[in-house]
Amino acid sequence: MNIPVTEVPQKGTRPDDASLGFGQIFTDHMFVMNYEEGKGWFNPRIEPLQDMSLSPAAMVYHYGQAIFEGLKAYKSNDGKTLLFRARDNFKRMNRSAKGLCIPEIDIDFVMNALKQLLKVEDQWIPETLGTSLYIRPTIIATDPFLGVRSSFTFTFFIILSPVGAYYAEGFNPVKIWVSKDHVRAVRGGVGEYKTAGNYAASLIASEKAKKEGYAQVMWLDAIERKYIEEVGAMNIFFLMNDELVTPNLSGSILPGITRDSVISLAREWGMTVSERLISVEEVFNAHANGELKEVFGSGTAAVISPVGEIKYGDQKIQIGDAKPGPVAVKFYDALTDLQYGKANDTQGWVEVVE
Ligand code: PLP
Ligand code: COI
């Protein structure tokens with residue numbers, strides 16, 4: 001299906017790849033569609049990026065009924081636009097939709113809409129390794145109503161942002177801070193969905209971490225406050241001797257697509273991978289015994305991000321020698337080679353936008 005396009009009168013210019021940070025610059029157009037109960041999703045369109053007009057009573061402003069995704073489009077050396085596991089992002093969006101009482105979307109339809117939007121915005125896709133076009137599909141509740149219930153109307157939109165590295169550190173190791181006083185999510189709650197409130201709940205601890213000079217918060221489970229869950233915008237991996245350990249999907253952790261890709265690659269390479277409970281105490285003990293070889297995070301925005309320091313209360317550990325460890329580098333290279341179309345895609349993860 002061809003989606004109607006209203007083009008901007010004058011296209012903007014993409015900044016130099018070298019100057020790109022994360023999430024500050026937006027492309028000329030967006031995809032939008034609306035939902036009404038009884039009618040379903042309707043009026044899909046590509047139009048100039050513009051402010052949205054909503055009633056100040058719109059439910060999203062009050063009760064946070066909102067979900068989003070984060071994925072990327074990459075330019076290959078031969079000028080093709082590539083998507084990495086995009087369908088998995090829309091599948092996860094539908095899981096989040098169910099969890100937040102939001103109507104699901106048709107994955108084939110939104111994949112097609114996204115591809116059409118990417119063709120309109122081709123000039124906005126950066127070309128240098130380490131840069132990409134970040135894609136942010138979002139659904140918000142729009143009923144002007146102050147009672148607490150699920151909305152009857154929603155807006156789905158996709159906006160695009162040319163990006164470089166998520167962290168100021170780039171691929172250099174980041175420092176993370178374990179939150180003792182605050183928790184992000186609890187089993188049975190909405191922690192495994194990509195919903196706005198999870199990020200709002202994370203801010204107070206992030207501010208504390210920043211004040212102490214740490215890039216992100218590492219969250220512990222909300223019940224025993226013992227087991228590691230994930231980090232602000234990424235899942236987390238620990239290489240303990242030859243075992244690659246990542247927290248199991250307990251219900252309060254975001255099931256990261258990069259996490260799943262790392263696990264698949266590690267198994268393909270014959271590594272021992274465990275998805276299991278891992279306590280902060282185990283990590284600190286492994287460090288003391290010389291068994292903790294590497295720590296790194298995984299995420300769409302963060303790609304693979306080595307961790308060089310962890311602080312927990314008054315205790316601090318230093319991992320590695322301020323350089324990314326060889327295993328983090330191996331995953332970073334394997335993932336980015338696939339994403340930029342340099343490696344043979346044996347898993348069917350890469351889709352060309354044609
Ligand atoms: N955990 C959180 C809280 C996130 O926001 C993200 C980023 O999307 C991730 C983990 C990593 O998920 P993915 O690899 O799908 O980007
Ligand atoms: C992502 O990696 O896509 C994220 O959503 C992380 C963050 C910017 C919320």
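A polar contact is a pair of N or O atoms within 3.5 Å; within protein, one atom must be able to donate a hydrogen and the other to accept it, and residues adjacent in sequence count only if both atoms are side-chain atoms. This is a predicted model, in which local features need pLDDT of at least 70, side-chain atom pairs count only at pLDDT 80 or more, and totals for chains, interfaces and linings use all residues. Side-chain values use heavy atoms, without hydrogens and water.

| Residue | Part of residue | Distance |
|---|---|---|
| K194 | polar side-chain atom | 2.8 Å |
| Y134 | side-chain N or O atom | 2.5 Å |
| A301 | polar backbone atom | 2.9 Å |

The protein covers 89% of the 280 Å² of accessible area that ligand 2 has on its own (Shrake-Rupley method, 1.4 Å probe).

Residues around ligand 2 (a heavy atom within 4 Å) include F22, F68, R136 and Y166. The shell holds 7 nonpolar, 2 polar and 2 charged residues. Here Ala, Val, Leu, Ile, Met, Phe, Trp, Tyr, Cys and Pro are nonpolar, Asp, Glu, Lys and Arg charged, and the others, Gly among them, polar. Domain 1 (17–164) and domain 2 (174–339) both give residues to this shell, so ligand 2 lies between them. The domain bounds come from an automatic or database assignment.

How values were computed:
Residues are numbered from 1 along each chain as its sequence is written. Chains are lettered from A and ligands numbered from 1 in the order in which they are written.
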